[in-house]
Amino acid sequence: MLKIEAIIQPAKLDTVKEALIEAGIEGMTILEARGHGRQKGHTEFYRGREYTVDLIPKIKLEMVVNDDLKDKAVQAILGAARTGHIGDGKIFISRVDEAIRIRNDERGEAAV
Amino acid sequence: MRSRYKLLLLPLLLGFPAMTLAVAPALHTSPPATQAQIAALEQAVQSAQSSGDNAWMLISAALVLLMTAPGLTLFYGGLVRRKNILGTMMQSLAMMGLITVLWALVGYSLAFGHGNGFIGGFEHVFLNDVGLTPNPDYAKTIPEQTFMIYQLMFAIITPALITGAFAERVKFSSMAVFLSLWSLLVYCPMAHMVWGVGGLLNITGGQWPVLDFAGGTVVHITSGIAALVTALYLGKRIGYPQQDMPPHSMVLSFVGAGLLWFGWFGFNAGSALNAGPLATSAFVNTQFAAATGAIAWVVTEWFQNGKPTALGAISGAVAGLATITQAAGFVQPMSALLIGLIAGVVCCFMVFRVKKFFGYDDSLDAFGVHGVGGTMGALLTGLLASGSINAVFGKDGAGRPYATGAIDGNWHQVLNQAVGMGIGWSLSIVGTLTLLFLVDKTMGLRVSATEEAAGLDLSQHGEEGYDLNS
């Protein structure tokens, strides 16, 4: 089992979500997040004062999938979230030790 | 086809002479109108005019109140940080409550009673003798209570404007006491001097007749200068200017500014005190100056920072409106366009550059917009007032209006305007400093550092503007 975490542009959420569902990913958790990578945010002007907004709004998607779905999921996110510009986001993948379905105590891959 | 039309015309042609014949004898036989009939007719005409004027003035009064809430509350509320929105809005609402009561008890009398050159007397305390018949000293066609309630709305918004200078850091209780006293000590005397019977700066009979149509000096100079003094006395917000304090909701500010603009028609055009052509003139000028004010500010900052901002557009509109206030019923429409243009550029410069240079924390730019706009408006009115719009100094034997502003050749009026402006500045500086000192020593003006960090909503009112969990 793998946990895939993807940080994407908020505007790309709908297309990424659809691409993931099409790729066979059945569940996901979406968090509204703020952060920055190398692009370091942007500047805003209010009455002539410049404000640097370095934590900008992002969407973080989390999903736990069985190993065989990894490539399809990654491809789906890459295909749907990429604009080619700075700030498109990142994908992190890590191993998950255990999954438990609270409703019926199912364990492991069956619970994913 | 043609002949059929001609046929239709025939009865008309025949009918006219017949009708004249029928009417003519009736005219000759009717008795001459009696004195009683003429008096009744005059009464009816007066009553019709009074109804028309009263309708407009009551609506104008409501429009001016709308400027305070929700206009100003939303405008200021959006500009502060999220944790201070209710605190900011409550400061204006407090004025709607407190000043109304004060006005009824003593404020109206101090502003519009006879008194002396500086302040009104006590003959109208508790609204004594302020009834439903007109007071010919002020407005001949509307009940005095209409005049009183209309003027109350000005008395409310003036201290409310000051709250922009001490946003996010003042105790609610001290603010309420300070601004209530300020209204009596600064606003009422200023209103009396400029508009009150026997006032020192009154346009008819004052020592220095000042042209102030809707309160450029009475409202915007007094509140704008008080704002600067307050910002200097209180000091900066904790963390200013190192820490970013951007507006939390430009959308609220935008709606608020729109309502201010809308309400300003009541403020300026209503100041004609009737629904006649002078109200139209002020209405037109108000719109014109707001438009060029918005354009000028946006263009200026576009050159400065590369982008036309929404906050720039609404700030420029308010600057144009504040500046035209004094001139609204005195100048030609083209002058109004010019006044708004100057207001947009100069106020933008004051807010962008001068504030940064001196480093005071006029949080929402009450001085930069109202103080500066009001001051410019006072002088520009002296330059551009035209007797052809408002023959305020009367007419000569040939029916030509006497020269009013410098544009008519009366340069002396610029001096009068400067005297009015100087008195407005002085009274506001002295009155504001005195009251700030008194309230600070007795009650304390600022909230504690912990309360300031928590925000006024929580620390002063025990509420939050936005509870996103409920």
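Residues are numbered from 1 along each chain as its sequence is written, and chains are lettered from A and ligands numbered from 1 in the order in which they are written. Because the model is predicted, local features need pLDDT of at least 70 and side-chain atom pairs count only at pLDDT 80 or more, while totals for chains, interfaces and linings use all residues.

**Overall make-up**

Chain B contains 14 helices and 0 strands; helices (H or I, at least four residues) and strands (E, at least two) are DSSP runs, numbered from the N terminus. The sequence order is therefore α-α-α-α-α-α-α-α-α-α-α-α-α-α. The C-alpha trace of chain B spans about 90 × 60 × 55 Å along its principal axes. Of the 470 residues in chain B, 53% are buried. A residue is buried if 20 or more other C-beta atoms lie within 10 Å of its own, exposed if 12 or fewer, and partly exposed in between, with C-beta atoms placed from the backbone. Among the contacts in chain B with a separation of 6 or more, 75% are between residues 24 or more positions apart; a contact requires that two C-beta atoms, placed from the backbone, lie within 7 Å.

**Helix α4**

Helix α4(B) covers residues 144–162, which is 19 residues. From its first C-alpha to its last, α4(B) reaches 28 Å, close to the 27 Å expected at 1.5 Å a residue; the expected span is 1.5 Å times one less than the number of residues. Because 18 of its 19 residues are buried, α4(B) is largely enclosed by the rest of the structure.

Two packed helices are described by the angle between their axes and the distance between the axes. Axes here are lines fitted to C-alpha atoms, for helices over the stretch in contact, and angles run from 0 to 180 degrees between N-to-C directions.

Helix α11 (residues 366–384) of chain B packs against helix α12 (residues 412–442) of chain B at about 160°, with axes 7 Å apart. α11(B) is therefore roughly antiparallel to α12(B); angles under 35 degrees count as roughly parallel, over 145 as roughly antiparallel, 65 to 115 as roughly perpendicular and the rest as oblique. The crossing of α11(B) and α12(B) is right-handed, where a crossing is left-handed if the near helix is turned anticlockwise from the far one by less than a right angle, and right-handed if clockwise. Residues of α11(B) in this contact include B:Thr375, B:Ala378 and B:Leu379, and those of α12(B) include B:Gly420 and B:Met421. The contact of α11(B) with α12(B) has 6 nonpolar, 7 polar and no charged residues. Ala, Val, Leu, Ile, Met, Phe, Trp, Tyr, Cys and Pro count as nonpolar, Asp, Glu, Lys and Arg as charged, and the others, Gly among them, as polar.

α6(B) and α12(B) pack at about 40°, with axes 8 Å apart, which means that α6(B) is oblique to α12(B). The crossing of α6(B) and α12(B) is also right-handed. Here α12(B) contributes residues including B:Gly420, B:Met421 and B:Trp425, and α6(B) residues including B:Ile221 and B:Tyr233. By class, the contact of α6(B) with α12(B) divides into 10 nonpolar, 7 polar and no charged residues.

**Backbone features**

Most residues other than glycine have a negative phi, and most peptide bonds are trans.

| Site | Feature | Location |
|---|---|---|
| B:Ala69–B:Pro70 | cis, omega about 10° | B:Pro70 in helix α2 (residues 35–79) |
| B:Tyr240–B:Pro241 | cis, omega near 5° | B:Pro241 in the loop between α6 (216–234) and α7 (250–269) |
| B:Asp129 | phi about 65° | loop between α3 and α4 |

B:Leu127 is partly exposed, with 16 other C-beta atoms within 10 Å, whereas B:Asp129 is exposed, with 12.

**Residue B:Ala214**

B:Ala214 is in the loop between α5 (172–195) and α6 of chain B. B:Ala214 is buried, with 27 other C-beta atoms within 10 Å. Leaving aside neighbours within four places in sequence, its contacts are B:Phe267, B:Asn268, B:Ser271, B:Thr325 and B:Ala328.

**Contact with chain A**

The contact takes 13 residues from chain B and 6 residues from chain A. Helices α8 (277–305), α9 (310–324) and α10 (333–358) of chain B each supply at least two residues of the chain B side. α8(B) gives the most, with 3 residues. The chain B side has 5 nonpolar, 4 polar and 4 charged residues.
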